[in-house]
Amino acid sequence: MHTSHSNIRLRIIKDRLFLALVVLLSFAMIVPLLLIIFHIVKNGIGVINWEFLTALPRPMGETGGGIANALAGTMMLIVLASLIAIPLGVLAGIYLAEQKTGRIASGVRLCMEVLQGIPSIVIGIVAYAWVVISMGTFSALSGSVALAIMMLPVIVRSTEETLRLVPDILREASLALGVSYARTVLKIIVPSGLTGILTGILLAIARITGETAPLLFTAFGNPYMSLNVLKPVDSLPLMIFNYATSPYPEWHAKAWGAALVLVVFVMGMNFTAKVIAKRWKVQF
Amino acid sequence: MIKVSFDSIFKTVLKAVGVLMLLLLAGIFVTLVIDSLPAMKAAGFAFFTGTTWDPVFKEYGSLVFLVGTLLTSFLALAISLPFSLAIAIFLGEYFRSGLVSSFLKSAIELMAGIPSVIFGMWGLFVLVPLVRQVEMQFGVAPYGIGILTASLILAVMIIPYSASISSDVVNLVPADLKEAALSLGATRYEMIKKVVLPSARSGIFAGVLLSLGRAIGETMAVTMVIGNANILPTSIFSPANTMASIIANEFAEATDAVYISCLIEVGLLLMMVTLVISMIGRYIMHRMKI
């Protein structure tokens, strides 16, 4: 009797210890997150001022200077990549949502999963082979092509998943009124799922904004302001990489500032996507 | 009549875009294979078995990078596993909803959103000095950079992925199984150990595989802290290079055609390794209908 009693107590103690361990390990993950945010804010906030955001980098040894070229370059890369990826991605998503079965459709689905899994540096190699080699120079365009390939799977999947949720009643009502198939899709089904599509696009942009690897040998980087799509441009993550791995403390400080700007931008994007998804979610 | 033709144009456009997606992936494969042909001719099978990577003497053995990649990724996986399992049990079993769980979920989402170059930079300026101190305690050469540092950063980066997949799986374990165990007098710990984990095993394995795929393909964070040494690593403290980091470091500087081609072949190898791993993971997830 005594042994079984202490046995139960031991089991209860084990149970409590396990819960404590689970809670401890779960919250341990927050420590690096807090540390990263703390260090970025602490080291970055002092660097950021109006000049930092609007001036071009100065040569080594001169004080001041900023990241305007990288900000402009990042914006240009995002806009160009979106111009390529959004129409293709949304159309492919519509195709998959409409074509539930079939050899091509399931091929495209598999293809998007594979694309999602390809390391970004390999996408960079491909964009280099396709665009940089054929044009003979590093360029914003080649960087955008690489980023667009990375956006595609995210946009395609979110478009497909959203449009699948649109109930068939809507489609049948529209078709019954004599509206053509194409108009039904474009005017009824796509607008019903617009918020989901928009969320996917924002998530895709957030994914590529921080990408560095595919830009190393496509967009390449550029210390001057350039708005020419056929010339190399700088981007925020590329600049952070170059400055952080340089031996100069002045550049390290700039890298922290740029990191803070980048993190705020990416998190803002993710947050907006989440708010849109939550607030304007169409309930069927 | 016009309506009918607009319909058929619309359908054709949709199908064409679908086919374009197939061609895109096929194009990626074909490009990588064709562009690695010169390397395959020049280096042959020694490319996969050679341990010397010396472009100056035209020696291209990529085994060092494969070893470096697998070592960092598996070490990262081992470090991250207790944490992601704990989070999975936390979110999937103990705290399925409520303030605490949504707080933890937001933290995980935040973590997944941080760009890898930021992880790399934080690793370089914060983690490297720490590891250096540890290395001095152990009496090994205090580089600070190296496999251990890269694995630590990678572990932090992949926890969100394996944790979110595993917690979904743990959540799916049928309640009647769990209630049966509890009604037989099992404590919650015993129930989790004997019922939840065995029944969620293959899903957790899928999550692990998917995060392993991410770790293998991860470039920037690793490149910044691994030390970029083209040698066969001798311990977890030694600097090394991974397949992704060698491409990131040398591709833009590679001049001669065979050199570039060899780097592209490394890229091809890297893609194959990640694809095999993540496809197995996705297959398991599909089968479980997650």
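A: Start with a single residue and its surroundings. The model is predicted, and Asn228(B) in it is partly exposed because 18 other C-beta atoms lie within 10 Å; a buried residue would need 20 or more. Asn228(B) sits in the loop between helix 9 (220-225) and helix 10 (243-250) of chain B.

Q: What is the phi of Asn228(B), and is it positive or negative?

A: Most residues other than glycine have a negative phi. Asn228(B) has a positive phi, near 50°, and is not a glycine.

Q: Which loop holds Phe220(A), and is this residue buried or exposed?

A: Phe220(A) belongs to the loop between helix 10 and helix 11 (236-244) of chain A. Its phi is also positive, near 70°. With 22 other C-beta atoms within 10 Å, Phe220(A) counts as buried, because the cut-off is 20 or more.

Q: How is helix 10 of chain A to be read for length and cover?

A: Compare the span with the expected one, then count buried residues. Helix 10 (residues 194-209) of chain A has 16 residues and reaches 22 Å from first to last C-alpha, close to the 22 Å expected at 1.5 Å a residue. As for cover, 13 of the 16 residues are buried, so the helix is mostly covered.

Q: What surrounds Thr149(B)?

A: Thr149(B) is part of helix 6 of chain B and is buried, with 30 other C-beta atoms within 10 Å. Beyond four places in sequence, Thr149(B) touches Gly123(B), Leu127(B), Val128(B), Val131(B), Gly144(B) and Val225(B). Pro239(B) is 90 residues from Thr149(B) in sequence, yet their C-alpha atoms are 9.3 Å apart.

Q: How does chain B look as a whole?

A: Chain B has 11 helices and two strands, in the order α-α-β-β-α-α-α-α-α-α-α-α-α from the N terminus. Its C-alpha atoms fill a box of roughly 80 × 70 × 30 Å along the principal axes. Of its 290 residues, 48% count as buried. Among contacts in chain B between residues at least 6 apart in sequence, 73% join residues at least 24 apart.

Q: Which residues of the largest nonpolar core touch the most other members?

A: In soluble globular proteins, nonpolar side chains tend to be buried together. Here the largest nonpolar core has 172 residues, and Met151(A), Ile240(A), Ala258(A) and Ala259(A) touch the most other members. Helix 6 (residues 147-172) of chain B gives the most to this core, 16 residues. Domain 1 (2-39) and domain 2 (50-279) of chain A both contribute, so the core lies between them. The centres of these two domains, over C-alpha atoms, are 40 Å apart. Leaving aside neighbours within four places in sequence, Ala258(A) is in contact with Ile67(A), Ala70(A), Leu236(A), Met239(A), Ile240(A) and Tyr243(A).

Q: How many residues of each chain meet at the interface, and which helix of chain B gives the most?

A: Contacts join 62 residues of chain B to 64 residues of chain A. On the chain B side, helix 1 (residues 2-43) gives the most, 18 residues. That side divides into 45 nonpolar, 11 polar and six charged residues.

Note on methods. Residues numbered from 1 in each chain as written. Chains lettered and ligands numbered in written order. Contact = placed C-beta atoms within 7 Å. Helix = DSSP H or I, 4+ residues; strand = E, 2+ residues; numbered from the N terminus. Nonpolar A, V, L, I, M, F, W, Y, C, P; charged D, E, K, R; others polar. Domains from an automatic or database assignment. Core = buried A, V, L, I, M, F, W, Y, C linked by C-beta atoms within 7 Å. Buried ≥ 20, exposed ≤ 12 C-beta atoms within 10 Å, placed from the backbone. Expected span 1.5 Å × (residues − 1).
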